[in-house]
Amino acid sequence: MNDMGLIVRTLARATIPLIGIFGAYIVSHGHLTPGGGFQGGATIAGAGILFLIAFGLEEAKKRINKNLYSALEGIGGLVFLGAAMLGLSVAFFYNLLWHKGPILNGHPGSLLSAGYLPIMNLAVGLKVFTGLVSALMAIALYRRWQK
Amino acid sequence: MSFIAAFVWSYIFWLVLTVGSKGLLWSTQELIAGLIFSTIVGYATRGIIGDRAIRFLNPMKWILAVAYTPVLFWGMVKANFDVAYRVITGKIRPGIVRVPVNLENDAQYAILSNSITLTPGTLTVDACPEEKVLYVHWINIPKGLEWPENSEPVSGPFEKWARRLGE
C-alpha cells in the first residue's frame with residue numbers, strides 16, 4: 001500500500017489534466033491576467049505532486065524521468081536568457097519583439113502581444129514546474145531515516 | 001484512445017477558461033493556443049487518465065449527469081435539514097457501518113463515495129473494491145440497521161445512479 005486508495009486515485013485521474021491546463025492558462029496569459037510564469041509553474045507542479053501523492057512513489061519513479069526534467073529545466077532558463085538577448089543590438093532585455101517583432105506585437109490585450117513576455121513566461125513556467133517536481137521527487141526518494 | 005480523452009477534457013476546460021476573448025466567443029489565437037496546450041497536457045497525462053476514460057465523452061453520459069444533478073441536490077437539501085435537526089436536538093447514534101455495494105469499476109466507487117460524503121450525516125471512510133463494500137460513518141444509525149444488506153438505507157437511490165454513470 002503505497003498510494004492513497006481508490007477514491008483519491010480515481011479523482012486524481014480526472015483532476016490532474018484540469019490542473020495542468022489551468023496552469024498552462026495562467027502561464028500563457030501572464031501578460032493579460034494575474035499570474036504568470038512562477039504562479040502557473042507552481043500550479044502545474046501541484047498537479048505533479050498530486051500525482052506523486054495519489055499514485056505513490058513506485059508509480060512516480062516509473063513516470064518521472066530525472067534526465068528529462070533536468071534537461072527541461074535547463075532549457076527553460078536558456079530560453080529566458082535567449083529572449084533577453086534578442087535585442088542586444090540596443091540593450092540587454094530590450095523588447096525588440098514588441099517594437100519590430102514579426103508576430104508578438106499584436107493589439108494590447110490580445111494573446112500575441114507584449115513582445116517577449118509570453119516567451120519568458122513560458123520559459124519560467126517550464127523551469128518552475130520541472131524544478132519543483134524534481135525537488136519534491138528528490139525529497140520523496142530520500143528514505144533513510146528509519147534504516 | 002486515452003490521449004483523446006485527456007485532450008478533449010483539457011480543451012473543454014480551456015474553452016471554459018477563455019470564453020469572452022472575442023465578444024462572447026473565442027478569438028482565433030485563444031483557440032489555437034488551446035489546441036497546442038491541450039495537446040501537451042493530453043500527451044503528458046495520457047497514462048494517468050486511464051484507458052477507459054474515453055467512455056465519459058459519450059453524450060448520453062452527460063445527459064445522465066445533468067439528470068443526476070437535481071437528485072443529488074435534493075438529497076443534499078433533505079440531509080442538511082436532517083443534520084440541523086440533529087444539531088439542535090442532539091439525538092445522534094454515530095458509528096461506522098459496512099455497506100455492501102454492487103459496483104464494478106473505480107469510477108462508480110468514486111461517484112458513489114462522493115455522493116455519500118456530499119450528503120451530510122454520512123461520510124465515506126474507505127472503499128474496498130476487493131470486498132465490494134464501503135465503510136461509511138453514519139451520524140444516526142437507525143435501530144437494527146447496524147449491518148445493512150445494501151446501500152439503500154445509507155444513500156437512497158445513489159448506487160443505481162453511480163452504476164449507470166460510471167459503467
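Biologist: What is the strand order of the open sheet in chain B?

Modeller: Strands of a sheet pair through backbone hydrogen bonds, either parallel or antiparallel. Here the order is β1-β3-β2 in chain B, an open sheet of 3 strands with antiparallel pairing. Strands are DSSP runs of E with at least two residues, helices are runs of H or I with at least four, and both are numbered from the N terminus. Two strands count as paired if DSSP finds at least two bridges between them. This is a predicted model, in which local features need pLDDT of at least 70, side-chain atom pairs count only at pLDDT 80 or more, and totals for chains, interfaces and linings use all residues. Residues are numbered from 1 along each chain as its sequence is written, chains are lettered from A and ligands numbered from 1 in the order in which they are written, and side-chain values use heavy atoms, without hydrogens and water.

Biologist: Which strands stand at the edges?

Modeller: β1 (95–100) and β2 (122–128) of chain B do. Each has a single partner strand, so one side of each has no neighbour in the sheet. From one strand to the next, the twist averages 25 degrees.

Biologist: How many bridges join β1(B) to β3(B)?

Modeller: There are 6 bridges between β1(B) and β3 (residues 133–138) of chain B, in the antiparallel sense. G95(B) has W138(B) as its bridge partner. R98(B) stands opposite Y135(B).

Biologist: And how many bridges join β2(B) to β3(B)?

Modeller: Again the pair is antiparallel, with 6 bridges. D126(B) stands opposite Y135(B). T124(B) stands opposite V136(B). β2(B) and β3(B) form a hairpin with 4 residues between them. In the turn, K132(B) has a positive phi of about 60 degrees.

Biologist: Now the helices. At what angle do α1 and α2 of chain A cross?

Modeller: Axes are lines fitted to C-alpha atoms, for helices over the stretch in contact, and angles run from 0 to 180 degrees between N-to-C directions. α1 (residues 6–28) and α2 (residues 37–55) of chain A cross at roughly 165 degrees, and their axes come within 8 Å. That makes α1(A) roughly antiparallel to α2(A). The cut-offs are under 35 degrees for roughly parallel, over 145 for roughly antiparallel, 65 to 115 for roughly perpendicular, and oblique for the rest.

Biologist: Is the crossing of α1(A) and α2(A) left-handed or right-handed?

Modeller: α1(A) passes α2(A) in a left-handed crossing. Left-handed means the near helix is turned anticlockwise from the far one by less than a right angle; right-handed means clockwise.

Biologist: How do α1(A) and α1(B) cross?

Modeller: The axes of α1(A) and α1 (residues 2–17) of chain B come within 9 Å and cross at roughly 45 degrees. That makes α1(A) oblique to α1(B). This crossing is right-handed.

Biologist: What are the confidence scores for chain B and the complex?

Modeller: pLDDT is the predictor's confidence in each residue, from 0 to 100. Chain B averages 86, and 100% of the residues score at least 70. The complex gets an ipTM of 0.85 and a pTM of 0.85 from the predictor.
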